Amino acid sequence: MTQSLEIPVQEFSLAWTMTADKGGRVGFAASGQVTLLDNKRFYKIDGVLYISEGSAYCRDIGNPHLFVRRNGVEESGRQWGWETICNRKSCSRLCAMDAYFVRTGYWAPADKAIQLSIGAESGWNRKRSFSPTITVRLDD
């Protein structure tokens, strides 16, 4: 049996505001923590996606479906590729309840950081837009 040792936790917070042509404005946020487990063999992202301001105007911005995605960065600069780590939630559902998410994965010796961003899909054609990216450094 492997003992799970936790390395110090790195907290993250990401804010993003979507605006509409009619003046509607809704702020979203994702926050939580990233931890390396089992002697730096695995990572764990634990967080929440929620509406931080302007929830009355979700329809004004098209009531998009939001999600959180992650990307990993190796020491060489190579990236793993973006992967969704939170189920898509409509703004109206986020008004009623926050979206909690947990993601675990393998952490290779060359890995150095995790990138996170919030994504939104809106309209019939599922047009995507993304928040700015934050980088959480886990290994120096």
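At 62% relative accessibility, Asn39 counts as exposed, where exposed means over 50% relative accessible area, buried under 20% and partly exposed in between (1.4 Å probe, protein chains only). The residue sits in the loop that links strand 2 to strand 3, and its phi is near 60°, a positive value in a residue other than glycine. Strands here are DSSP runs (E, at least two residues), and helices are likewise DSSP runs (H or I, at least four residues), both numbered from the N terminus. Lys40 has its place in the loop between strand 2 and strand 3 and also shows a positive phi, about 65°, although it is not a glycine. With 34% relative accessibility, Lys40 counts as partly exposed.

The model is predicted, so local features need pLDDT of at least 70 and side-chain atom pairs count only at pLDDT 80 or more, while totals for chains, interfaces and linings use all residues. Residues are numbered from 1 along each chain as its sequence is written, and side-chain values use heavy atoms, with hydrogens and water left out.

Four strands form an open sheet in the order 1-2-3-7, with antiparallel pairing; two strands are taken to pair if DSSP finds at least two bridges between them. Strands 1 and 7 stand at the edges, each with a single partner strand, so one side of each is left without a neighbour in the sheet. On average, neighbouring strands of this sheet are turned by 20° against each other, direction ignored; the axes are lines fitted to C-alpha atoms (for helices over the stretch in contact), and angles run from 0 to 180 degrees between N-to-C directions. Strand 1 and strand 2 are paired in the antiparallel sense over ten bridges, and Thr19 has Arg25 in strand 2 as its bridge partner.

Thr17 is found in strand 1 and, at 34% relative accessibility, counts as partly exposed. Not counting residues up to four places away in sequence, Thr17 touches Arg25, Val26, Gly27 and Glu53, contact meaning heavy atoms within 4.5 Å. Between Thr17 and Pro132 there are 10 Å in space, C-alpha to C-alpha, although the two are 115 residues apart in sequence.

Two of the residues touched by Thr17 also meet each other: the side chains of Arg25 and Glu53 form a salt bridge (3.7 Å, N to O). Arg25 belongs to strand 2 and Glu53 to strand 3, so the pair ties together parts that are 28 residues apart in sequence. Arg25 is partly exposed at 44% relative accessibility, and Glu53 is partly exposed at 36%. A salt bridge is counted when a side-chain nitrogen of Lys or Arg lies within 4 Å of a carboxyl oxygen of Asp or Glu, and a search of the whole structure finds seven of them. Another joins Glu74 and Arg78 (2.6 Å, N to O); Glu74 is buried at 17% relative accessibility, whereas Arg78 is partly exposed at 49%. In a further salt bridge, the closest N and O atoms of Glu121 and Arg128 are 2.9 Å apart.

Strand 4 has nine of its ten residues buried, so it is largely enclosed by the rest of the structure. Ten bridges join strand 4 to strand 8, which run antiparallel, with Asn71 facing Gln115 of strand 8 as its bridge partner. Strand 4 also pairs with strand 5 (residues 83–84) in the antiparallel sense over two bridges, and two bridges join strand 4 to the antiparallel strand 6 (residues 89–90). In strand 6, Lys89 is the bridge partner of Leu66.

Leu66 returns in the largest nonpolar core, which has 32 residues; Phe28, Ile45, Leu49 and Leu66 have the most contacts inside it. Such a core is a set of buried Ala, Val, Leu, Ile, Met, Phe, Trp, Tyr and Cys residues joined through side-chain atoms within 4.5 Å. Strand 2 gives the most to this core, with five residues. Leaving aside neighbours within four places in sequence, Phe28 is in contact with residues including Leu14, Trp16, Tyr50, Leu66, Leu94 and Ile118.
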